[in-house]
Amino acid sequence: MEWFYNLAGWQQALLATTFTWALTALGALPVFFCKSVGKSAFSLMMSSAAGIMLASTFFSLLMPALETTGEYSYLILTCGFILGGLMIIVTDIVTGKLKLFSDNAKKQSCAVMCIAVTVHNIPEGLAIGVAFGALAAGNGVGAVAALMLAVGIGIQNFPEGMCVAFPLRANGMGRFKSFFIGQLSGAVEIVAGVIGAVTVTFASGILPWALSFSAGAMIAVVCSELIPESFSEGKIKATIGVIFGFSLMMILDVAFG
């Protein structure tokens, strides 16, 4: 792994977000063979990813942000966190009001899901980019924390690929087109990741803002998307998944971060 850490921050972010995109594509791939996926497996994947991302928000984003700020750190972190969360809330409101395919409820639902997943992937890619940009610049983010952030988002992207591809296939779209649109929803993370890494590398003063903004956006995504989706299929299994994911991230960060 030494070769990886010797790369520039934007290169690390590029590889990390390519990994998360690949898991999105992998999640969409089963659309070639079937039209649905088991609800229990889906719930466990989503809840585990939620736990990892919740822990990543603290260990990979907020803690490094606190370490890079001086006076008025509480204001910077709070403002950045709120702005990140508000961006997701506004996005949800706008997406929910879209009138695409208003004459066909199923097609409208698919279109809104595709847009929502794609838009929500932007702050996730940004979070990865910011983390690896800060790591390369030596600004407090640990290597394990940055890697686990990418892993957590990647795990979450796997069922997201399913969320986009399977409804499209069920509504009559061809296998290849359903797969193509499903994997495309994760491609935006690559662009956002590189932008985030380049930004914090050349403008280190915005690092605490970028980290806390990404944290707020990720918390909003977890609370608005992952938690409701996973818990709708069973409280006990979803709770186990969240605890497992959070504990895994915490152990790895404390032990190796």
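Biologist: Which helix does Trp-209 lie in?

Modeller: Helices are DSSP runs of H or I with at least four residues, strands are E runs of at least two, and both are numbered from the N terminus. Here Trp-209 sits in helix H8, residues 207-231. Keep in mind that this is a predicted model, where local features need pLDDT of at least 70, side-chain atom pairs count only at pLDDT 80 or more, and totals for chains, interfaces and linings use all residues. Residues are numbered from 1 along each chain as its sequence is written, and side-chain values use heavy atoms, leaving out hydrogens and water.

Biologist: How many helices and strands does the protein chain have?

Modeller: Nine helices and zero strands.

Biologist: Is Trp-209 buried, partly exposed or exposed?

Modeller: Buried means under 20% relative accessible area, exposed over 50%, and partly exposed in between (1.4 Å probe, protein chains only). Trp-209 counts as partly exposed because its relative accessibility is 37%. Across the protein chain, buried residues make up 46% of the 257 residues.

Biologist: Which residues form the nonpolar patch on the surface?

Modeller: Patch members have over 30% relative accessible area and no salt bridge (a Lys or Arg side-chain nitrogen within 4 Å of an Asp or Glu carboxyl oxygen). Nonpolar side chains (Val, Leu, Ile, Met, Phe, Trp, Tyr) are joined within 5 Å, like charges within 9 Å. In this model, the patch is Ile-82, Leu-83, Leu-86, Ile-89, Ile-93, Ile-206 and Trp-209, with about 620 Å² of accessible area together; such areas come from the Shrake-Rupley method with a 1.4 Å probe, and for residues only the protein chains shown count as cover.

Biologist: Which helix gives the most to the nonpolar patch?

Modeller: Helix H4, residues 73-96, with five residues.
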